[in-house]
Amino acid sequence: MTATAVMTATERPSTTSPQKVSRRAFVTGGAVGAGLGALVGAAAGTAGGYALAGSTWKSEPYDPETMPSLGDTGGFPGFGGEALPCHGTHQAGIVSVPAAHTRYVSYGLREDTDRAALVRLFRIITGDIEALTAGAAPLADPERELAARPARLTITVGVGQTLVDRVAPAERPEWLAPLPTFSLDQLGGGYDGGDLLFIVQADDPLPISHAARMLHRDVDRFAELAWTQQGFRQSRGTEAPGATMRNLMGQVDGTVNPAPEDHDFDALTWIDRESGPSWLRNGSAFVLRRIRMELDTWDRVDRPGREVTIGRTLSDGAPLTNPGGGEHAEVDFDAKAPNGLPVISSAAHIRRAHSTDPSERIVRRTSNYDDGHEAGLLFGCYQRDPLTQFVPIQQRLDEADLLNEWVTHTGSAVFAMLPGFQPGEILGAALFGENSDESAS
């Protein structure tokens, strides 16, 4: 069990020993909201110039919320010393600039883990999330130096069907269940479902490994590890900021994706009082699909064949109806070739994924994987309701997509991603009927 070592603003980031934390704070994480949570908020307010008084930390802004780590080992050259705030209306890690590395860790609840046990668990993990993402080591961390360089670490938490059924079964949304069956799926390989999900992201794999280890120590008495999946994008600095990632087939992956500045982004992504239960308000629905790529046979396809399969050029992701126009050029699905056939095949991937219904869109958050035995894509997406947003898209792809010759869906999971939380609050408080860490004696 771990809890947060709390320090005052004047003690960070100088080298110092942690203050004593009360026994109750150690057990419940109760010191977090009044201590580290407030400190993180204060640091965020002073980080607009990307420097902290008395620190050598400096960085070019990578995304608007970047602030300095609160680690206590001195100055932090490079982006290792960058942190992202964990507090807010929504959880961190959903709309922030995608990190270079992602680890998905899913747990199944033990039989004796009831509502009371879950409240204790979430008090503990709330404190550790506040500490780890800020660059401050949890109190029982034997390697505190590993926490000091978070490299924009975020930890995003989701809950599955069984967990909600143990706490508030009458308030479980219909979509929080296994997805409908798709004819080409080959599930059952150990990457399906789960009761509790951690999405751990950073620009460096070391803080991910350390954070996952600390979280596992928190969870171990309450749940068993179900599966873990490790994903990556191009490393930070190898592409221009904002560039669309490429998948292992060489395609520009994720061109058409709603952005937070879009007028309908909130309506597509965040659950409100009309679209879901009160405990999930400002949260989101998350679907994760493990998609194996048959790269050996894909390598035998010539370049024109690859581009026809997708409907875009490989060089820059431009639609075949506007080569050279760039990946964001409008696609003309009615365009005909000189022979009268559609330029974009009726079974091309971008045509099958396209919908004329603007509400039938998802927010993609994907990464590549390569475990040495197989490679592919970890396709994650956020939305209000997977049954009306993700499922219709996947059904069209399942029915007739040229790309199906070279991809197979081997893992599937659905989670409710909890709303954000503020200093002094417990993550998931509305689900458990808790107002703050101080609500427990």
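Predicted model: local features only at pLDDT ≥ 70, side-chain atom pairs only at ≥ 80, totals over all residues.

Guide: In α6, the buried residues are Pro207, Ile208, His210, Ala211, Ala212, Met214, Leu215, Asp218 and Val219. The helix itself runs over residues 205-219, 15 residues in total, and spans 21 Å from first C-alpha to last, close to the 21 Å expected at 1.5 Å a residue. What do those buried residues pack against? Their partners are the strands β3 (101-109), β4 (154-159), β5 (196-202) and β6 (223-232), plus helix α4 (115-134).

Helix α4 also leads us to the rings. The structure has 7 aromatic pairs. One of them joins Phe122 and Phe432, tilted, with 4.9 Å centre to centre and 50° between the planes. Phe122 belongs to α4 and Phe432 to α12 (residues 429-432), so this pair links distant parts of the chain, 310 residues apart. Phe122 is buried at a relative accessible area of 0%, and Phe432 counts as buried at 2%.

Next, Trp298 and Trp406: their ring centres are 5.2 Å apart and the planes sit at 70°, so this pair is edge-to-face. Because Trp298 lies in helix α8 (residues 295-298) and Trp406 in the loop between α11 (390-399) and β11 (407-417), the pair ties together parts 108 residues apart in sequence. Both of these Trp residues are buried.

Elsewhere, Tyr104, Phe286 and Tyr382 make up one aromatic cluster. Finally, look at Arg290: its charged end sits over the ring of Tyr191, 4.0 Å from the centre, and also over the ring of Tyr369, 4.0 Å from that centre.

Technical notes. Residues numbered from 1 in each chain as written. Heavy atoms only, no water. Helix = DSSP H or I, 4+ residues; strand = E, 2+ residues; numbered from the N terminus. Expected span 1.5 Å × (residues − 1). Buried < 20%, exposed > 50% of the residue type's maximum accessible area, 1.4 Å probe, protein only. Contact = heavy atoms within 4.5 Å. Phe/Tyr/Trp six-rings, centres within 6.5 Å; stacked < 30°, edge-to-face > 60°. Lys NZ or Arg CZ within 6 Å of the ring centre and 35° of its normal.
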